[in-house]
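Here is a short briefing to read alongside the sequence and the structure. Have both open as you go through the topics below.

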Amino acid sequence: MKQRGRTGWRRWLVRGAVCVGLGVVTTVGVAWGLALFIERQSGTLFYGEVSNSEFGRWHATYWSSVGSVWRAARFEPPDHIVFGSPPLARRWASSTRELPHARESWGTLDFAFATTPNSFSTVGPEQACGWPRLALYWRTAETQTGTSSMIGGLMVDSSATSASRRVLPLLPIWSGLAFNILCFAAAWSCVVIVPIWYRQSSRYRRGHCPACGYDLVRKFDAGCSECGWNRA
């Protein structure tokens, strides 16, 4: 099926760009929807420990649910180490590879595990959201005064308790963001592009103008006198 030169390709490029734009909007909308409506306590709780008799111990807490991961950690220096995990805890001697989403490099928790603080300290909380992969996150950081401040998050209900606050994530997880955009753009193409392509192909097979449907009696080389399709 022929197109009207550059104009035809421009139309398909515009349609493709529209699908990508819809993919971006859908990716952000899904991540924000999960951040707003998924209860942290409804997910699966994981406890993890990274301990060393010389440097100290990290206690990590994860809440993992569909499209959302919330995590935080607390460090204890050597003088306060009490070996032996609580009944619900899972212990790792020197790595966090078994923790959910431990291989994903977002936030500051993974970096904190590689350091050796010399006093009590906390990391997080931080949260990532997105589906089918985590795409956006927010985190907290300690200030010089010892308090914590949010980075990359938009507070929705500041009056709620820290455990139930709703925060819209703004920081990108580039690999997950790109993957989700491609997935949703492909889905939108089935809604935007495929029907147009099918309609134009059906018109072409019947001998009509693919653009406007005017009956060309299969004389496609002359183009369409009604809409100018396939004419210089």
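This is a predicted model, and the protein chain averages a pLDDT of 76. At least 70 is the score of 68% of the residues. The chain holds three helices and 10 strands, and buried residues make up 39% of its 232 residues.

**Confidence along the chain**
- Among the elements, strand 10 (residues 171-172) has the highest mean pLDDT, at 95, while strand 4 (residues 90-92) has the lowest, at 37.
- For residues 83-97 the pLDDT stays under 50, and the model gives this stretch 34 contacts beyond four places in sequence.
- Residues 1-5 also have a pLDDT below 50; the model shows 19 contacts for them beyond near neighbours in sequence.

**Overall layout**
- If you follow the sequence, the elements come in the pattern α-β-β-β-β-α-β-β-β-β-β-β-α.
- Of the contacts with a separation of 6 or more, 55% are between residues 24 or more positions apart.

- Helix 3 runs over residues 174-205, which makes 32 residues.
- From its first C-alpha to its last, helix 3 reaches 43 Å, close to the expected 46 Å.
- Look for a kink of about 40° in helix 3, centred on Ser 189.
- Just after helix 3 comes Gly 207, with a positive phi of about 85°.
- Asn 180 is part of helix 3, and it counts as buried because its relative accessibility is 0%, under the 20% cut-off.
- What is Asn 180 in contact with, leaving aside its neighbours within four places in sequence? Its partners are Thr 27, Arg 133, Ala 135, and the run of Gly 130, Trp 131 and Pro 132.

**Nonpolar cores**
- The largest nonpolar core has 14 residues, and those with the most contacts inside it are Tyr 62, Trp 106, Ala 128, Leu 134 and Ile 173.
- Two or more residues of this core come from each of strand 2 (56-65), strand 3 (68-76) and strand 5 (121-129).
- There is also a second, separate core of eight residues; among them are Ala 31, Ala 35, Ala 135 and Leu 177.

**Cysteines**
- How many disulfides does the structure hold? The count is zero.
- Cys 190 is in no disulfide, and its nearest cysteine sulfur, on Cys 19, is 8.8 Å away.
- For Cys 224 the nearest cysteine sulfur is that of Cys 212, 3.7 Å away. This pair is not a disulfide because the sulfur atoms would have to be within 2.5 Å.
- Cys 224 counts as buried because its relative accessibility is 1%, under the 20% cut-off.

**Thr 140 in strand 6**
- You will find Thr 140 in strand 6 (residues 136-142).
- Is Thr 140 buried or exposed? Thr 140 counts as buried, because its relative accessibility is 12% and the cut-off is 20%.
- Not counting residues up to four places away in sequence, Thr 140 touches Gly 124 and Pro 125, as well as Ser 149 and Met 150.
- Between the C-alpha atoms of Thr 140 and Gly 152 there are 8.5 Å, with the two residues 12 apart along the chain.

How values were computed. Residues numbered from 1 in each chain as written. Predicted model: local features only at pLDDT ≥ 70, side-chain atom pairs only at ≥ 80, totals over all residues. Heavy atoms only, no water. Helix = DSSP H or I, 4+ residues; strand = E, 2+ residues; numbered from the N terminus. Expected span 1.5 Å × (residues − 1). Bend = angle between axes of the 7 residues up to and from the residue. Buried < 20%, exposed > 50% of the residue type's maximum accessible area, 1.4 Å probe, protein only. Contact = heavy atoms within 4.5 Å. Core = buried A, V, L, I, M, F, W, Y, C linked by side-chain atoms within 4.5 Å. pLDDT = per-residue confidence, 0-100.
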